Amino acid sequence: MSGRDDRSAGAAPGKPGVPTVAVVVVAAGRGTRAMRPDDNTPKQFVPIAGRAVIAKTLAGFSAHPRVARTLAVIHRDDGGVFADAVAGIEGLDTPEPGGATRQISVLAGLERLARDNPPDLVLIHDGVRPFCSAAVVDRVIDALGSADGALAALPVADTMKRVDDRGRIVDTVPRTALWAAQTPQGFRFPAILEAHRRAAAAGKTELTDDAAVAEWAGLEVVVVNGDSANVKITTADDLSKADAKLTLERWLALADVRVGTGFDVHVFGPGSFVTLGGIEIPHTHGLVGHSDADVVLHALTDALLGTIGDGDIGQHFPPSDPKWRGAASSLFLEDAVRRIRERGGEIAQLDATVVCEVPRIGPHRDAMRARIAEVAGIALDRVGIKATTSEGLGFTGRREGIVAMATATVRLPLGR
């Protein structure tokens, strides 16, 4: 057993008397059980609620105030997909290539930490456990003040049966002392590094987790209460459940629902096409405007700006400014989307009605919806495009121009 001292696990890294904490997140596997029939993406890179599983996992540790370093161990072929997945997460170490087994990958991560300012404590966590709470992390760190190792775990609640190779029950196992192991599993860094090195040298490859490696090496390991939500994603069904859970949580957190409207008109002029919803539609005339005169995107932009009380398209992109002459109106819509997202908001729905006699909108409706969905970063079924005529009445009836009316529904965090 390794020696222990009396220092307690503190509240912030880098302070005198407070041990530094690093996290090794193991994500080098292929995850074949969770792969979908038409998609061979490893499960750690499959999106849940719009973001890769591994990104959700790493973001939680990176944001924890007691964690000084967060290192992912990944498959050597996954560098590109990893970089895309974790874009925007601050404080991550450059990932370390893993090996053919979890044990090899963990040792690779530990050796990396040992080469570069080794920490006092290390937590080892499964990359496909994206729901680990800060409270669980704290409990594991705190337990290392008086033990060589600690792991999150849950007491077994179900009756346990031992069966033979034919599935027949041969024994009922008392559950009073049984705990189901989770991660993170935390250790004094020098002790677990030495334990892994010894296990590798001894050819001990059958150890199923890091606590087993520590136990084999004679270290004292204790359990702390885990969390039933801290599940490991193993199958495709687990991925679907995780996606549904996160999506619901995200929408419930955005309880401030707002609706904005937009309206735009442009007159016909010389040209051979009109731009509507970001799509060029052949026509006998063009639309006159300082930009590309896309009435649909202009109306949608104003509708979005209205949800956050942020002026209108003319305020942000004045027609008196020559740099917007002939500009694609997708730039205006992208800017409005950015303003929504900067406030922590999500676009729930975009809907537009086009009023004109010509050209016919129906044949281009799906292309318009797809382009709007792409610019806004939302699902296709959250975009509606409708078209009607004015029955020959007014300037649209006289084929002098086109009108677009739009509605945007946005969800924002309360108080934002």
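Let's start at Arg 369, which sits in helix α11 (helices are DSSP runs of H or I with at least four residues, strands are runs of E with at least two, and both are numbered from the N terminus). This is a predicted model, in which local features need pLDDT of at least 70 and side-chain atom pairs count only at pLDDT 80 or more, while totals for chains, interfaces and linings use all residues. Residues are numbered from 1 along each chain as its sequence is written, and side-chain values use heavy atoms, with hydrogens and water left out.

Is Arg 369 buried or exposed? With a relative accessibility of 18%, Arg 369 counts as buried (buried is under 20% relative accessible area, exposed is over 50% and partly exposed is in between, using a 1.4 Å probe and protein chains only). Setting aside residues up to four places away in sequence, Arg 369 touches Leu 380, Asp 381, Val 383 and Ile 385, where contact means heavy atoms within 4.5 Å.

Now look at how α11 meets α10. The axes of α10 (residues 330-342) and α11 (residues 365-376) come within 9 Å and cross at roughly 45 degrees. The two helices are therefore oblique to each other (under 35 degrees is roughly parallel, over 145 roughly antiparallel, 65 to 115 roughly perpendicular, and the rest oblique). On the α10 side, the contact is made by Ser 330, Leu 333, Glu 334, Val 337 and Arg 341, and on the α11 side by Arg 371, Ile 372, Val 375 and Ala 376.

Ile 372 leads on to the largest nonpolar core, which has 40 residues. A nonpolar core here is a set of buried Ala, Val, Leu, Ile, Met, Phe, Trp, Tyr and Cys residues joined through side-chain atoms within 4.5 Å. Ile 372 is among the members that touch the most others, along with Leu 276, Val 296, Leu 300, Leu 304, Ile 347 and Leu 350. Elements giving two or more residues include α10, α11 and α8 (295-307), and α8 gives the most, with eight. Leaving aside neighbours within four places in sequence, Leu 304 contacts Leu 333, Ala 336, Val 337, Ile 340, Ile 347, Leu 350, Ala 408 and Val 410. A second, separate core of 29 residues includes Phe 45, Ile 89, Cys 132 and Val 140.

Lys 161 is partly exposed, at 46% relative accessible area.

Note on methods. Axes fitted to C-alpha atoms, helices over the stretch in contact; angles between N-to-C directions.
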